[in-house]
Amino acid sequence: MKAHRRLYLERYAAPETAAAPALAREYESVLVTPAFDEPEDFLARTLPPGARDVLVVLVANVPDRVARTNPAVDRTRRLGGLAGRFDAARNIDVVVIDRVETPIPARLGVGLARRIGADVALRYIDEGGIARPVVFCTDADAALPSGYFDAPREGGEAGAWVYPFAHVSDDPALREAGLGYELSLRYYVNRLAYAGSPYAFHTIGSCLAIDATAYAMVRGFPKRNAAEDFYLLNKLAKTGSVWRLAHPVIEIEARASQRVPFGTGPALARAPEALESRMDYAPATFELLRSLYEQASRGTFTEWPEPIPELLVAVGYARFRPSRWDRRAFHTWFDALKTLRFVHAARRWFPDVPLVDSLRSLYPAAAGPRAWNDALRADEQRRRGVVGVAPAGAGDGGLLK
C-alpha cells in the first residue's frame, strides 16, 4: 500500500504537496475542503459536533477569471487566518494551502483545488501523521453530522464511501429548488439501480471519503472545473468498489451560484419555478438499459434488442475490443460516463417527460414531492452497501452485488 502512495506522491502529486508545512502533532482523521469566498467562521458549521483529533486541509482558492479588485478575493484571502490551532481542547488544527495569490486556472477549477488538498492529506497519511488512511472530502456549504468520521469503518472496506445527503435552506424558494434538484438526482440513481448498473451511486464532492491507497492508484482527483467527483468515483468503481452508506446524513446548504458550469449551484440557479415544469429522463430509457444489462449478464454481446445497437454505436461500442468477453470487461468499458451518454442518446427515441409523472408512477401511494423524496431515500437505504466492478476472476463474472 505504501508503495502505491509513494509512487503517486513522487510522480503525480500537486507541487503544493511537498511545500505543505510539517505536522507538529498526530491526528486521527484528515478532512479536505476547498473554499472560495466563504465566511471566516464556516468551519464551525462544517465540522461534525463532538469531532476530535482532526486535521483540516483548507485550500483557499480563487479562479483566475475573478478580477483582483473583486471583494471575494479579499474575503478568500482572510481564510488564511484560520491556519493553526482551531480547537486545542479537541486537537483540531487547520493547514491552509494558499491558491489566492496564485489563482487557479478557471478550466481546472474545483478539481485542482480538491486534488491539491487531497494530495497534501495523502502525504500526511503516508508520513504517519494521520492514523486513519482515509481522505475525507467535503465543501464549505456542508454541515457534517455526528458520527461522520466513523461511518466508513462501520460501512466496510471499499475504495470510497458515499454519504447520504439532504439539501437545506432557510429561503423557501431555494428550499423548493433544492428539493426539485434532489428528486432529479435520486430518480437517476434509483433507475440505474433498477436497471442493474454497478455505477448506481451519487457523485457529490461534499459527500465523499476515499481510501488513501485507492486514491493513489487512480491518480487522484482529475483537474476539471466540474464533475471531478463523478470522474474519480467512476475510476474507483472500476478498480475496486464504492460503498453506499445509509447514515449519517450530510446537510448541504442549497445555494444558487455560477462558480462551476454544472452541478448543484448552477442547477439551483436554473431551476424551474414549479416542480411540475421540471423535465427528466423517460422511464422507458431505463427499461432499455435494464435489457442491455440482462443481455450482458448472460454473456450475450451481440443479440441486443432495438434500438440498443444504435445507442451502443453512439457511445463507441465499435471500439470495444476486450481481451476477454465477460461481464467485468463489459462493465469496465460501459462505465458511468458511457451509461450517461447512452441515456442522453436515448432521448431521440424517448424524449424527456415531466419528473412528477415518473415519480407518481414509481410511488403511487406517496403524496407529493417530499413524500417522493422520502420514498427515494428509503430505497437508497435499502440498497446500501457495496457496488462496483469486482477484481478479475470474481466468481459472479465481475459484478459486486
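1. Let's begin with Asp-93, which is buried, with a relative accessible area of 4%. Here, buried means under 20% relative accessible area, exposed means over 50%, and partly exposed lies in between (1.4 Å probe, protein chains only). Please keep in mind that this is a predicted model, where local features need pLDDT of at least 70, side-chain atom pairs count only at pLDDT 80 or more, and totals for chains, interfaces and linings use all residues. Residues are numbered from 1 along each chain as its sequence is written, and side-chain values use heavy atoms, with hydrogens and water left out.

2. Which side chain meets that of Asp-93 in a salt bridge of 2.9 Å, N to O? The partner is Arg-25. A salt bridge is counted when a side-chain nitrogen of Lys or Arg is within 4 Å of a carboxyl oxygen of Asp or Glu. The two residues come from distant parts of the chain, 68 residues apart: Arg-25 is in the loop between helix H2 (16-19) and E1, while Asp-93 belongs to strand E4. Helices (H or I, at least four residues) and strands (E, at least two) are DSSP runs, numbered from the N terminus. Arg-25 is partly exposed, at 34% relative accessible area.

3. Asp-93 also forms a salt bridge with Arg-85, whose closest N and O atoms are 2.7 Å apart. Arg-85 is partly exposed too, with a relative accessible area of 41%.

4. How many salt bridges does the rule give? The count comes to 25. Among them is the one joining the side chains of Arg-153 and Asp-150 (2.9 Å, N to O), and Asp-150 is partly exposed, at 35% relative accessible area. Arg-68, Asp-74, Arg-77 and Glu-101 are linked in a network of salt bridges.

5. Now for the sheet. Two strands pair if DSSP finds at least two bridges between them.

6. Is strand E1 (residues 29-35) mostly covered or mostly open? E1 is mostly covered, as seven of its seven residues are buried. Ser-29, Leu-31, Thr-33 and Ala-35 point one way from E1, and Val-30, Val-32 and Pro-34 point the other way.

7. E1 has parallel partners to look at. Seven bridges join E1 to the parallel strand E2 (residues 54-63), where Val-54 is the bridge partner of Ser-29. Three bridges pair E1 with E5 (residues 134-137), again in the parallel sense, and Val-30 has Val-135 of E5 as its bridge partner. E2 in turn pairs with E4 (residues 92-104) over nine parallel bridges, with Val-57 opposite Val-95 in E4.
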